[in-house]
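I opened my notebook to look up a few things in this structure. My entries follow in the order I made them.

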2 protein chains.
Amino acid sequence: MSDKVATSADARSSSLTRVDAARLSPRDLRAAIATEQWTDTTLGLGLGHLQANLAVVPREDAYDFLLFCQRNPKPVPLIEVLDAGSPLVQQLAPGADLRTDLPRYRVFRDGELASEPLHLRDDWEDDAVAFLLGCSLTFEAALLESGIPLRHLEADTPAPVYITSQQCRPAGKFSAPMVVSMRPIPAPLVARTVQVTSRYPWGHGAPVHIGDPAGLGIDDLDAVDFGAPPHMEKGDVPVFWGCGITPQLAVDGARSRYTFTHYAQHMFVTDRSSEADAVA
Amino acid sequence: MSDKVATSADARSSSLTRVDAARLSPRDLRAAIATEQWTDTTLGLGLGHLQANLAVVPREDAYDFLLFCQRNPKPVPLIEVLDAGSPLVQQLAPGADLRTDLPRYRVFRDGELASEPLHLRDDWEDDAVAFLLGCSLTFEAALLESGIPLRHLEADTPAPVYITSQQCRPAGKFSAPMVVSMRPIPAPLVARTVQVTSRYPWGHGAPVHIGDPAGLGIDDLDAVDFGAPPHMEKGDVPVFWGCGITPQLAVDGARSRYTFTHYAQHMFVTDRSSEADAVA
């Protein structure tokens, strides 16, 4: 998948500064995105609100993909499924339009990357089924608020991500190895890390694996498959979470008639408070 | 739905006593059920193990039903979906056969009750998709262990169940009002009740409503739609949970080509410890 990541960003740049964008409500931010005043990543924007990954498949593949989500909730936490053909969000941001309200998309046709547009107006299909999936931003914010350091943010790098030796439970044409992100956590804070992240099951939830990288088929933590090598400090334990790249691999492998996804880190900012559905 | 409940139990009775049956492991109990040595309810059997409700629909309706589950997790907590055509359980009790391993079934054809057999050998279809749904037995056991009284068990009656004025989120041909069960809880124990039941999201989880029956469209707690009127004691607060009759109403209303369900209280006893997936 990495070889498909575009190297040439769209020439047009955002007319808003990130500081201005960060001040906008989710609704106003989506309006700025729909009008292409904001075309950059959504990291740090809409703070306190749930952000979602997007996967859109044709109706004929929607059952298998829905089942794939149900069978693999840790790497593929499903938060909303739209009715077939509809780009209008019902629950997470009523009235939002998934054709325009993300800053950038990726469009695949028959399994091949076709374009990376700023909107889907020209690509949307009458039988498209949109899936909104949770992401790790929610629990990262909660960890920081709990005083748990996140080394990749301190170093201003993406988190290390690995393709593991564990297979997800397949569903029809969708299958993938489980992909995990890793965050080094000081040993005394590992239990607290489990407690905090358990509250967000729709945002990957509790870690899937703590310590022992070899148990996931990871021989060398520096040999990342995505993201950047970790910054481990003395006494840190590697803690692994299911990662949203898992469904991307599954969708890539299925070679559906068409697939639309968000462009990496260009996500859907919802109206839903990150805490609204937190457990206990 | 209540008028469809059979009044004539099958003439054959179980050759095991309930005391003997309660001593069996889930695997041995399922074997006794498959050989019709046990044809009665599964209440109190397989203690400490998850029990599941069953709903089987044709493949052409499986996507809508899966989506209905995803959209209404409190009343319809989905725990496993089998591959189309397969009656063999993969996760909750590997190798178990859903055609034989429940004590009694209900078979609907084109929306009409056709039979209430002890097995589905003659009814199973090549395109049948089986859904296993969580039930309230798990959290009731946990509440008792936490010292929280359950009035309906003290009175040896079924819990009161009400059809509410709230509609579930529909999905295709599946729609239903939310059905709730109610348990009167002493006011000082209501918070603990929330904590305990929150641990079992796949078993209806936290209450959907606490106090104020009118808010659910319930004018008179004694006017139950299913089960038995409640035994409220002084200082008790009515606490409401999503109820597994909700998907039954949805399945009834969909009038699929065929539908197979468990017979009330004759459930699927799994190998999974009730605590295995408890949250935090």
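**Entry: a strand and its partners**

I looked up A:A52 and found A:F268 as its bridge partner in β11(A). The model is a predicted one, and I read every entry that way. β11 of chain A covers residues 268–273, and β1(A) pairs with it over three bridges, in the antiparallel sense.

Next I checked the other partners of β1(A). Seven bridges join β1(A) to β5(A), and the two run antiparallel. Within that pairing, A:N53 stands opposite A:L133. β10 of chain A, residues 258–262, is joined to β1(A) by two bridges, again antiparallel. There I found A:A55 opposite A:T261.

I noted a general point here: strands of a sheet pair through backbone hydrogen bonds, either parallel or antiparallel.

How many of the ten residues of β1(A) are buried? I counted nine, so β1(A) is largely enclosed by the rest of the structure.

**Entry: two domains in chain A**

I then looked at how chain A is divided. Domain 1 takes 2–134 + 251–273, and domain 2 takes 138–246. Their centres, taken over C-alpha atoms, are 23 Å apart. The contact draws 19 residues from domain 1 of chain A and 22 residues from domain 2 of chain A.

Which elements give two or more residues to the domain 1 side? I listed β1 (49–58), α3 (59–71), β5 (128–134) and α7 (245–254) of chain A. α3(A) supplies the largest share of that side, six residues. By class, I found ten nonpolar, five polar and four charged residues on the domain 1 side.

**Entry: how the two chains relate**

I superposed chain B on chain A. A rotation of 180 degrees does it, with 0.0 Å of shift along the axis and an RMSD of 0.0 Å. That is the relation of a two-fold axis. I searched chain B for the C-alpha nearest the axis and found that of B:Y63, 2.6 Å from it.

**Entry: where the chains meet**

The contact takes eleven residues from chain B and eleven residues from chain A. On the chain B side, the elements giving two or more residues are α3 (59–71), β2 (78–81) and α6. α3(B) gives the most, with five residues. I sorted the chain B side by class: eight nonpolar, three polar and no charged.

Why do I say the copies meet through the same surface? I compared the two sides, and 100% of the interface residues of chain B are also interface residues in chain A.

**Entry: a sheet in chain B**

I wrote its order as β6-β7-β9-β8, with antiparallel pairing. The edge strands are β6 (161–167) and β8 (209–210) of chain B, each pairing on one side only. β8(B) pairs with β9 of chain B, residues 236–242, in the antiparallel sense over two bridges. In that pair, B:I210 stands opposite B:V239.

I asked which helices pack on the sheet. One of them is α6 of chain B (residues 190–198), which touches β7 (177–186), β8 and β9 of chain B. The direction of α6 makes about 20 degrees with that of β9(B). α7 of chain B (residues 245–254) also packs on the sheet, touching β6, β7 and β9 of chain B. Its direction makes about 165 degrees with that of β7(B).

Terms used. Residues are numbered from 1 along each chain as its sequence is written. Chains are lettered from A and ligands numbered from 1 in the order in which they are written. This is a predicted model: local features need pLDDT of at least 70, side-chain atom pairs count only at pLDDT 80 or more; totals for chains, interfaces and linings use all residues. Two strands pair if DSSP finds at least two bridges between them. Helices (H or I, at least four residues) and strands (E, at least two) are DSSP runs, numbered from the N terminus. Two residues are in contact if their C-beta atoms, placed from the backbone, lie within 7 Å. Axes are lines fitted to C-alpha atoms, for helices over the stretch in contact, and angles run from 0 to 180 degrees between N-to-C directions. Copies are superposed by least squares on the C-alpha atoms of residues with pLDDT of at least 70 in both. Domain bounds come from an automatic or database domain assignment. Ala, Val, Leu, Ile, Met, Phe, Trp, Tyr, Cys and Pro count as nonpolar, Asp, Glu, Lys and Arg as charged, and the others, Gly among them, as polar. A residue is buried if 20 or more other C-beta atoms lie within 10 Å of its own, exposed if 12 or fewer, and partly exposed in between; C-beta atoms are placed from the backbone.
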